[in-house]
Amino acid sequence: MSGGEQEPGRYYVGVDVGTGSVRAALVDQSGVLLAFADQAIKQWEPQFNHHEQSSEDIWAACCAVTKKVVQGIDLKQIRGLGFDATCSLVVLDKQFRPLPVNHEGDSRRNIIMWLDHRAVSQVHRINETKHSVLQYVGGMMSVEMQAPKLLWLKENLRETCWDKAGHFFDLPDFLSWKATGVAARSLCSLVCKWTYSADKGWDDSFWKMVGLEDFVADNYSKIGNQVLPPGASLGNGLTPEAAKDLGLPTGTAVAASLIDAHAGGLGVIGADVRGHGLVCEGQPVTSRLAVICGTSSCHMGISKDPIFVPGVWGPYFSAMVPGFWLNEGGQSVTGKLIDHMVQGHAAFPELQAKATARCQNIYAYLNSHLDLIKKARPVGFLTVDLHVWPDFHGNRSPLADLTLKGMVTGLKLSQDLDDLAILYLATVQAIAFGTRFIIEAMEAAGHSISTLFLCGGLSKNPLFVQMHADITGMPVVLSQEVESVLVGAAILGACASGDFTSVQEAMAKMSKVGKVVFPRREDKKYYDKKYQVFLKLVEHQKEYSAIMSGD
Ligand SMILES: Nc1ncnc2c1ncn2[C@@H]1O[C@H](COP(=O)(O)OP(=O)(O)O)[C@@H](O)[C@H]1O
Ligand SMILES: O=C(CO)[C@H](O)[C@H](O)COP(=O)(O)O
């Protein structure tokens with residue numbers, strides 16, 4: 001379909017596999033969510049910095065949530081299915097059975113998660129090669145990408161995993177394979193996490209130089225030698241087995257997938273902004289930055305020509321919006337950091353009890369508590385002497401330094417609820433300062449950004465949203481559908497069904513502006529000062545480490 005026509009009763013299913021849970025939605029042609037379901041997924045941390053999951057557990061969760069959202073629907077109306085997922089590494093043997101990625105030999109745990117930092121030595125060696133593919137990941141490969149993890153498997157689990165492995169998938173590609181039996185990879189995963197180039201393909205010299213020449217020898221069959229653009233229809237759609245598992249008809253169209261952050265980007269970045277008083281109304285789509293905030297935050301900016309931003313991943317061609325280059329800034333832990341700070345505080349049990357008594361989630365409770373304890377000035381001013389540096393899991397962007405640690409300055413002896421609430425506020429602010437730091441790096445390299453489009457679990461937190469507006473000085477657009485990542489996944493399904501002629505057309509019809517949050521200009525001076533302190537924190541941290549590593 002094209003030309004603005006809407007066919008009644010045409011639905012798409014989007015499935016989003018985040019770090020902590022799997023979500024599914026039934027979505028109509030105008031991007032409205034008609035049904036939603038979610039289910040938690042298992043995670044293991046057998047050692048510090050080792051994070052693992054199970055592809056069977058995740059597939060079972062995808063099936064359970066999909067069955068729920070299509071309940072009571074005439075299945076003939078479901079036109080397409082799209083998956084997005086975290087960029088975790090799935091390992092299968094030659095018969096497509098799970099292989100262990102751990103010393104314990106537990107083959108249930110066959111996924112090295114994206115936030116796993118076990119491959120530190122491997123990524124250092126990869127970066128030391130200074131190979132030209134590194135130009136397209138911000139100048140420096142991240143330990144969270146797939147090449148270092150593959151090298152770790154080769155060096156550490158040779159017999160139990162590496163020699164037996166037949167297939168290494170990015171999690172989004174594993175899901176589309178499981179659904180259709182088609183092992184083609186999405187251009188999104190391969191370009192963003194595996195060093196594939198949209199125009200030149202694989203670079204043999206890179207894999208040979210880093211010690212993974214095995215892939216070249218077998219023509220990349222284990223990591224993908226058929227590549228499709230996100231949204232392309234895969235094979236004959238759902239296989240009979242997958243259709244039974246998911247509760248959908250055999251042959252339902254299935255799309256080549258996207259990484260979760262990229263699906264969030266599709267779900268928000270193309271919305272029609274007319275009538276909201278936004279400066280980006282008269283500007284090209286490249287003035288918009290999609291920020292997908294869940295366990296981590298990802299900052300997705302697009303451009304017509306490639307822009308090389310030191311410490312910011314990309315430029316990646318056609319990895320999110322077809323025909324555009326993508327730069328992806330990121331913070332490895334944001335939601336996870338807030339949870340960590342709050343749950344680790346002595347007053348956490350009291351917070352839980354009080355929030356439960358009021359039938360509120362802990363963050364809604366904390367936000368109202370901050371409102372209660374604020375004095376004459378706005379809430380944000382409660383942290384005048386409390387500052388946080390948020391890199392508790394290293395810095396992804398723009399410093400690309402995985403050795404950086406978290407910092408807090410301004411601690412007191414009190415451990416009460418006020419103290420917890422203010423520490424939570426300072427953490428939220430630190431994450432927003434991190435976003436400002438990334439935006440400044442992108443702008444210095446040539447991006448021109450005026451408006452933020454937020455989605456993901458943290459965008460449900462009004463304090464997080466307001467702090468992003470105040471600290472960046474930019475308006476924040478929230479979508480009509482809170483679960484915009486699922487709208488992105490459904491857009492893929494809609495493209496695979498053939499109901500739209502392009503991803504751009506589907507984006508324009510299915511993503512919608514909900515609420516706009518403007519910055520409080522009168523607070524700018526205060527946040528500028530706090531930003532100065534923020535930048536000092538990392539400078540000082542580097543000085544401390546130089547002192548300690550000196551003689
Ligand atoms: N209503 C809410 N208010 C505040 N924070 C929330 C809310 N819902 C989710 N979050 C936070 O969002 C984060 C998870 O976001 P989500 O997008 O679900 O993550 P992922 O995709 O990584 O699984 C968690 O840190 C959680 O605390
Ligand atoms: O690297 C990423 C995207 O390129 C994401 O950080 C990763 O996929 C995890 O996402 P989330 O925080 O939504 O679970």
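**Notes on the predicted model**

1. Let's start with the record: UniProt, in an unreviewed entry, puts the feature "domain: Carbohydrate kinase FGGY C-terminal" at residues 289-496. Bear in mind that what you have here is a predicted model.

2. Next, have a look at the open sheet made of four strands, ordered E4-E7-E6-E8 with antiparallel pairing. Its edges are strand E4 (52-53) and strand E8 (165-170), each of which pairs on one side only.

3. How many bridges join E4 to strand E7? Two, with E7 covering residues 111-112 and the pair running antiparallel.

4. Now for ligand 1. Which residues come nearest to it? Of the 16 around ligand 1, they are Gly20, Arg23, Thr295, Asp339 and Gly457. Strand E2 (21-28) and helix H11 (335-343) each contribute at least two residues to the shell around the ligand.

5. Some polar atoms are worth checking by eye. Oxygen atoms of ligand 1 lie 3.1 Å from a backbone N or O atom of Thr19, 3.1 Å from a polar backbone atom of Gly20 and 3.0 Å from a polar side-chain atom of Asp339. Taken alone, ligand 1 exposes 570 Å², and the protein buries 77% of that.

Terms used
Residues are numbered from 1 along each chain as its sequence is written. Chains are lettered from A and ligands numbered from 1 in the order in which they are written. This is a predicted model: local features need pLDDT of at least 70, side-chain atom pairs count only at pLDDT 80 or more; totals for chains, interfaces and linings use all residues. Side-chain values use heavy atoms; hydrogens and water are left out. UniProt positions are given in the numbering used here, feature names are shortened, and annotations may be inferred rather than shown by experiment. Two strands pair if DSSP finds at least two bridges between them. A residue is near a molecule or strand if one of its heavy atoms lies within 4 Å of it. A polar contact is a pair of N or O atoms within 3.5 Å; within protein, one must be able to donate a hydrogen and the other to accept it, and residues adjacent in sequence count only if both atoms are side-chain atoms. Accessible areas come from the Shrake-Rupley method with a 1.4 Å probe; for residues, only the protein chains shown count as cover.
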